[in-house]
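Subject: Structure handover

Dear colleague,

Please find the structure below, with the sequence. My notes on what was found in it follow.

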Amino acid sequence: MKICRFRISRFAGLASILSLFLMTVVYAGQAKPPASAKSAAAAAKATPESIASGETIFKRQCQMCHGATGMGDGPAAKTLKGKLPNLADKATLAKVTDDDIHELVENGKKSEIGNMPAFKSKLKAEEIQDVINYVHTLAK
């Protein structure tokens, strides 16, 4: 009888430790990465190569709505219910962080003006940063 109680007690102890471990693993899997990790990934330098890459991507993916100079006057913008932000305006860009822009490009946005598509399946994080670096060159 003593041996049976010892085994049950030992089993219960191991089960408790295993449960605690599994709950920790599940919680850790649900936790979001720290903001600094995202900022570090998006903090690529605005090198001439990055800006040139961003310009190419902007022309291919963004110009249709945002226009060649970022003024929100692209051919597809005429079908929207309002005016897109003027990316060539420093005051407009000063209102948002690069992380905000990165999030918007990556995940898109539904608004009363229209829907901006998400580019997370089309662009890598570095390419999105290249576009951000290029957009900063449009602001006057």
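Helices (H or I, at least four residues) and strands (E, at least two) are DSSP runs, numbered from the N terminus. On that basis Leu104 is placed in helix H5.

This is a predicted model: local features need pLDDT of at least 70, side-chain atom pairs count only at pLDDT 80 or more, and totals for chains, interfaces and linings use all residues. Residues are numbered from 1 along each chain as its sequence is written, and side-chain values use heavy atoms, with hydrogens and water left out.

Overall content

The protein chain has six helices and two strands. Along the sequence they come in the pattern α-α-α-α-α-β-β-α. Of the 140 residues of the protein chain, 23% count as buried. Buried here means under 20% relative accessible area, exposed means over 50%, and partly exposed is in between (1.4 Å probe, protein chains only).

Largest pocket

The largest pocket holds about 760 Å³ of space. A pocket was defined on a 1 Å grid over the protein atoms alone: it is an open set of points where a 1.4 Å probe fits, with protein on both sides within 12 Å along at least five of seven lines, whereas in a cavity the probe cannot get out. Lining residues have an atom within 4 Å of a point. Grid points are joined across faces, edges and corners, and the volume is the space filled by probe spheres set on the points.

The lining of the largest pocket has 29 residues, and those closest to the pocket centre are His66, Leu84, Pro85, Leu104 and Met116. Two or more lining residues come from each of helix H3 (48–66), helix H4 (90–94), helix H5 (98–107), strand E2 (115–116) and helix H6 (125–138). H3 gives the largest share, six residues. By class, the lining has 20 nonpolar, six polar and three charged residues. For this count Ala, Val, Leu, Ile, Met, Phe, Trp, Tyr, Cys and Pro are nonpolar, Asp, Glu, Lys and Arg are charged, and the others, Gly among them, are polar.

Leu104, named above among the residues closest to the centre, is partly exposed, with a relative accessible area of 30%. His66 is in turn 8.0 Å from Asn86, C-alpha to C-alpha, and the two are 20 residues apart along the chain. Asn86 sits in the loop between H3 and H4 and counts as partly exposed at 26% relative accessibility.

Helix H3

H3 spans only 22 Å between its end C-alpha atoms, whereas a straight helix of 19 residues would span 27 Å at 1.5 Å a residue. The expected span is 1.5 Å times one less than the number of residues. H3 bends by about 55° at Lys59, where the bend is the angle between axes fitted to the seven residues ending there and the seven starting there.

Lys59 also takes part in a salt bridge with Glu55, side chain to side chain (3.2 Å, N to O). The criterion is a side-chain nitrogen of Lys or Arg within 4 Å of a carboxyl oxygen of Asp or Glu. A search of the whole structure finds one salt bridge. Both residues lie in H3, four residues apart, about one turn of the helix. Lys59 is partly exposed at 48% relative accessibility, and Glu55 is partly exposed at 30%. The buried residues of H3 include Ser50, Gly54, Ile57, Phe58, Cys62 and His66.

H6 has 14 residues and reaches 20 Å from first C-alpha to last, close to the 20 Å expected at 1.5 Å a residue. Its buried residues include Ile128, Gln129, Asp130, Val131, Ile132, Asn133, Tyr134, Val135 and Leu138. Ala125, in H6, is partly exposed at 30% relative accessibility. The C-alpha atoms of Ala125 and Glu106 are separated by 8.0 Å, and the two are 19 residues apart along the chain.

Leu123 is in the loop between E2 and H6 and counts as buried at 8% relative accessibility. Leu123 and Gln61 are 62 residues apart in sequence and 9.8 Å apart in space, C-alpha to C-alpha.

Regards
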